[in-house]
Amino acid sequence: MLVLALALLPQTPAQPPLAPGLRPPVPGALILEHPCPRAEAGFGQSVALLDLDGNGVQDLAVGAYLEGLVYVHFGRPNATRDRPFDRIVRTFTTLGPAVCGIDDQDGLLGYALHAAQLDGDAPDELVAGAPGETLLGGAIPEGACYLYGGATGSTPLRLAPLPGMEGRFGNTITAGDFDGDGVQDLVISAPQALVGGVAAGRVLVLPGGPLQPTGPALLLDNPFPVLNGNFGHNLTVGDGNGDGIDDLYIGAIGNTAQGVPRAGQVFFHPGPLDPAVMTVIEDPFPDPADQPGPRYSMHIHARENLLAVGANRKDHTGLHDPGMGYVQSGPLFQDTTLHVHPTPVDSDYLGFRCQIGDFVGDSSLDFAFLVLRTRELAFWDGDDLTGPPLLYSCAPGSADHLGNGTLSGRLFPHGREQLILGDPTFDDPRVDNGNNNCGRVVVYTLP
């Protein structure tokens, strides 16, 4: 089944005044600013929701990869929409806690973040990728990850790439229980790792994680290795076959698909994971003339048995790079709805990021696709995927890499989910240099 969904735009009501430090850029949105602003911080490159202190309240971790730091904003026990976080912010380096404003660190710590429960106690663990870390001096950084929490507390556990995994190890991180044993397994990508002699990408799976391993490490290679295939550019976890066991999705944004260079692919690995067992998911309508490639799997996100895929450079209706979003499901992911802007133009880049969540607040899953050129969020109601989307303007000043950090989840105990977008190249007016790439995070809630 293939359906094309188009659309149009309602207005949002006014928002009440917010607490100091949080500003309402558009109705229903909150800005989280860099706690100690500086130029070239990249604050918002990654985001993760977790309970780092084990008090049952959601905290928000933010990666500032250009300065190599991670910040954790602790949630308030009685969080409200105007005050979700306490004033307390903790700063972390590769060595542990630090003072806000510490000198920049090397290695791109905070390029990726993921929260997981890896040791069975109340606090969550936070895993931060540092894909730019290099100790060997090679042309491609080998990378590393750092785990905060567990028995070592705030002193991070360094996770070095296994032999053969060098190549921006820590670029993307996720976790899931892929064998149904009740313990989360940690997944880390190295999209520039060598496969067949070319930088095509590999993915490492640590059963049980590094704190309580339940089996040997598993390596997943790009099945169709091409230079810059970027296997592992994106990772997500869902239950695509509905058997109650987590499944792993791996994006390869630069892979050739159906003869189209850089068309992109997604690889579905059902749990329990077996490198030889997978389903290849591709654009249903490949076009050899669509160059420099549609970027199918520019971003992917799974929830339950549903997969959202962004192809931000997909050509259609005679336009160049307006972009397209896909919602896919079914045994071979053949049930697909295609999602485009209601008034597309060249270089819209719809699908730069995508998320699934209960954004409408009706207990069903909805779909959001970021339109990069116009800085809009296009929401499709999960109960009416073929109907028009809600188009929601992003915060004024949103920059070219809006959404590099993207997350959906509930910051508050009840009601609809929020969409959290990092904006790491935002120029903060508190920093003197006008083109400063300080960054910020914006939390969006539909009215």
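Modeller: Let's start with Tyr 71, which stands opposite Thr 91 in strand 6. This is a predicted model, with local features needing pLDDT of at least 70 and side-chain atom pairs pLDDT 80 or more, while totals for chains, interfaces and linings use all residues. Numbering runs from 1 along each chain as its sequence is written, and side-chain values use heavy atoms, without hydrogens and water.

Tyr 71 belongs to one side of strand 5, along with Leu 69, His 73 and Gly 75. Strand 5 covers residues 69-75 (strands are DSSP runs of E, at least two residues, numbered from the N terminus). With strand 6, residues 85-93, it pairs in the antiparallel sense over 5 bridges (pairing takes at least two DSSP bridges). Strand 4, residues 59-64, is also antiparallel to strand 5, and 5 bridges join them. On that side, Leu 60 stands opposite His 73. The hairpin of strand 4 and strand 5 has 4 residues between the strands, and Gly 68 takes a positive phi near 70° there.

How many residues of strand 5 are buried? The count is 7 of 7 (buried is under 20% relative accessible area with a 1.4 Å probe, protein chains only). In a regular strand, side chains alternate between the two faces of the sheet. Here both faces are covered, with Val 70, Val 72 and Phe 74 buried on the side away from Tyr 71.

Another buried spot is Ala 395, with a relative accessible area of 2%. Ala 395 sits in the loop between strand 29 (390-393) and strand 30 (406-409). Its C-alpha is 9.1 Å from that of Glu 376, which is 19 residues away along the chain.

The structure holds 2 cavities of 30 Å³ or more (on a 1 Å grid, a cavity is where a 1.4 Å probe fits but cannot get out, and lining residues have an atom within 4 Å of a point).

Definitions and conventions
On a 1 Å grid over the protein atoms alone, a cavity is a set of points where a 1.4 Å probe fits but cannot get out, and a pocket is an open set with protein on both sides within 12 Å along at least five of seven lines; lining residues have an atom within 4 Å of a point. Grid points are joined across faces, edges and corners, and a volume is the space filled by probe spheres set on the points. Buried means under 20% relative accessible area, exposed over 50%, partly exposed in between (1.4 Å probe, protein chains only).
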